Amino acid sequence: MLDLEVVPERSLGNEQWEFALGMPLAQAISILQKHCRIIKNVQVLYSEQVIEVYDLSKVKLKYCGVHFNSQAIAPTIEQIDQSFGATHPGVYNAAEQLFHLNFRGLSFSFQLDSWNEAPKYEPNFALGLASLQIPHGAMVKRMHIYTGNNLQETRAPVMPLACFLGNIYAECVDVLRDRVGPLGLKLRLLTAGCGPGVMTDAKVRSLERSIYFGDSCQDVLGALGSPHKVFYKSEDKMKIHSPSPHKQVPSKCNDYFFNYFTLGVDILFDSTTHLVKKFVLHTNYPGHYNFNIYHRCDFKIPLVIKKGDTDSQTEDCTLTTYSKWDQIQELLGHPMEKPVVLHRSSSANNTNPFGSTFCFGLQRMIFEVMQNNHIASVTLYGAPRTTSQARPESSSSSH
């Protein structure tokens with residue numbers, strides 16, 4: 001049985017690992033994989049706002065090193081009072097038939113021994129909620145860890161410093177574009193900066209970087225640092241869909257990607273010029289073949305939609321990571337061509353339990369659409385600049 005320490009407003013864990021509020025999902029799953037011999041039969045239900053313990057009989061829980069829930073200690077209202085001290089009276093929710101006892105960053109939900117007791121505590125005012133004394137002997141049914149004073153009003157916290165692990169994350173990624181199509185990316189990056197050897201001075205730093213089609217490897221490395229991985233393309237599976245694939249001269253070198261997993265971004269370089277020719281933005285939705293490889297890229301793509309027959313009548317709108325394909329088609333119109341069906345599988349295993357995805361091209365963008373209507377990735381294309389062209393002014397402050 002897991003023996004876990006409860007830290008209100010922060011985490012649930014032990015000396016080997018902890019699930020922390022604001023932790024990237026990939027790190028939480030990595031913990032589960034690493035301790036698979038101890039943590040078995042995993043079902044993932046993800047919330048970015050709270051950590052919930054819904055069955056206290058399967059874990060031991062302690063606060064400040066002292067157990068309040070174990071095989072020998074029942075989590076009664078008296079035990080919670082003894083372990084956590086005084087708080088406001090409990091709140092009864094008639095719809096759930098539960099009492100909620102709230103501390104800062106921590107909430108306990110109690111169930112009555114018998115539903116016959118419920119009418120005695122039924123409130124007859126204030127929208128079905130009333131502050132009441134929790135009956136003696138009531139047992140905790142659920143526990144929530146969250147930020148703030150109120151579980152109903154809690155918000156997802158920022159990523160804690162302990163989760164950065166030397167990586168850089170993207171708070172948001174704005175697609176830069178003109179009236180024709182995408183030009184590049186503006187990334188707002190987060191990093192855990194600290195003084196030399198002084199962790200007490202650590203704090204989250206925010207900085208902006210811009211990269212464009214036609215930028216060199218050196219430009220990208222100077223803006224974003226080294227990638228997590230460099231991947232060389234062995235073949236171009238989309239080449240067959242070009243107008244004259246048989247006329248394309250085979251390249252002696254392969255184009256290559258810089259994979260930035262914690263940014264949720266891939267950058268493709270031309271093998272001959274070593275200039276940026278493509279960006280890929282990943283949404284990391286569950287049910288996709290690449291799920292949990294990339295951190296979610298929280299992107300925004302501005303669009304200018306024509307209204308009427310004249311170019312002067314336009315409407316501004318924005319696509320985001322959470323936009324669905326039917327919404328995008330309403331804005332951009334339906335693609336003229338049928339989608340390209342993309343079926344991913346590894347060389348060792350030809351099966352893909354998630355099924356195929358569909359790729360639609362619109363306005364120099366390719367949207368990879370999952371079968372549930374969510375966007376798996378967006379690929380941005382642009383004509384690379386020649387080396388004689390100047391780099392856009394807006395990126396000069398990034399270096």
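What pLDDT does the protein average, and what share of the residues score at least 70? The average is 84, and 80% of the residues score at least 70; pLDDT is the predictor's confidence in each residue, on a scale from 0 to 100. This is a predicted model, in which local features need pLDDT of at least 70, side-chain atom pairs count only at pLDDT 80 or more, and totals for chains, interfaces and linings use all residues. Residues are numbered from 1 along each chain as its sequence is written, and side-chain values use heavy atoms, with hydrogens and water left out.

Let us begin with the stretches to treat with care. Over residues 123-131 pLDDT stays under 50, and the model has 17 contacts there beyond four places in sequence, where contact means heavy atoms within 4.5 Å. Residues 393-399 also stay under 50, with eleven such contacts. Where pLDDT is low, the predicted coordinates should not be read in detail.

Now to the interior. A nonpolar core is a set of buried Ala, Val, Leu, Ile, Met, Phe, Trp, Tyr and Cys residues joined through side-chain atoms within 4.5 Å; buried means under 20% relative accessible area, exposed over 50%, and partly exposed in between (1.4 Å probe, protein chains only). The largest such core has 41 residues, of which Leu-185, Leu-224, Ile-267 and Phe-367 touch the most other members. Apart from it lies another core of 36 residues, including Ala-28, Phe-84, Met-143 and Met-159. In soluble globular proteins, nonpolar side chains tend to be buried together. Leaving out residues up to four places away in sequence, the contacts of Ile-267 include Leu-224, Tyr-256 and Phe-258.

Those two aromatic residues lead us to the rings. Rings of Phe, Tyr and Trp (its six-membered ring) pair if their centres lie within 6.5 Å; planes under 30 degrees apart count as stacked, over 60 as edge-to-face and the rest as tilted. By this rule there are 18 aromatic pairs. Tyr-256 and Phe-258 form a tilted pair, because their ring centres are 6.2 Å apart and their planes stand at 45 degrees. Tyr-256 is buried, with a relative accessible area of 6%, and Phe-258 counts as buried at 6% too. Phe-261 and Tyr-294 are edge-to-face, at 5.2 Å centre to centre and 65 degrees between the planes. This pair links distant parts of the chain, 33 residues apart: Phe-261 is in the loop between strands S16 (256-260) and S17 (265-269), and Tyr-294 in the loop between strands S18 (276-282) and S19 (299-306). Helices (H or I, at least four residues) and strands (E, at least two) are DSSP runs, numbered from the N terminus. Tyr-294 is buried, with a relative accessible area of 9%. Elsewhere, ring pairs join Tyr-63, Phe-68, Phe-84, Phe-103 and Phe-108 into a cluster.

Helix H5 (residues 325-332) is our next stop. Trp-325, Ile-328, Gln-329 and Leu-332 are buried in it. They lie on the same side of H5 because they cover an arc of only 100 degrees around the axis, taken from the directions from the helix axis to the C-beta atoms. Gly-333 follows H5, with a positive phi near 90 degrees.

We finish with two loop residues. Ser-216, between strand S14 (198-212) and helix H4 (217-224), is buried, with a relative accessible area of 17%. Gln-71, between strand S6 (66-69) and helix H2 (77-84), counts as exposed at 67% relative accessibility. Gln-71 and Met-1 are 70 residues apart in sequence and 9.6 Å apart in space, C-alpha to C-alpha.
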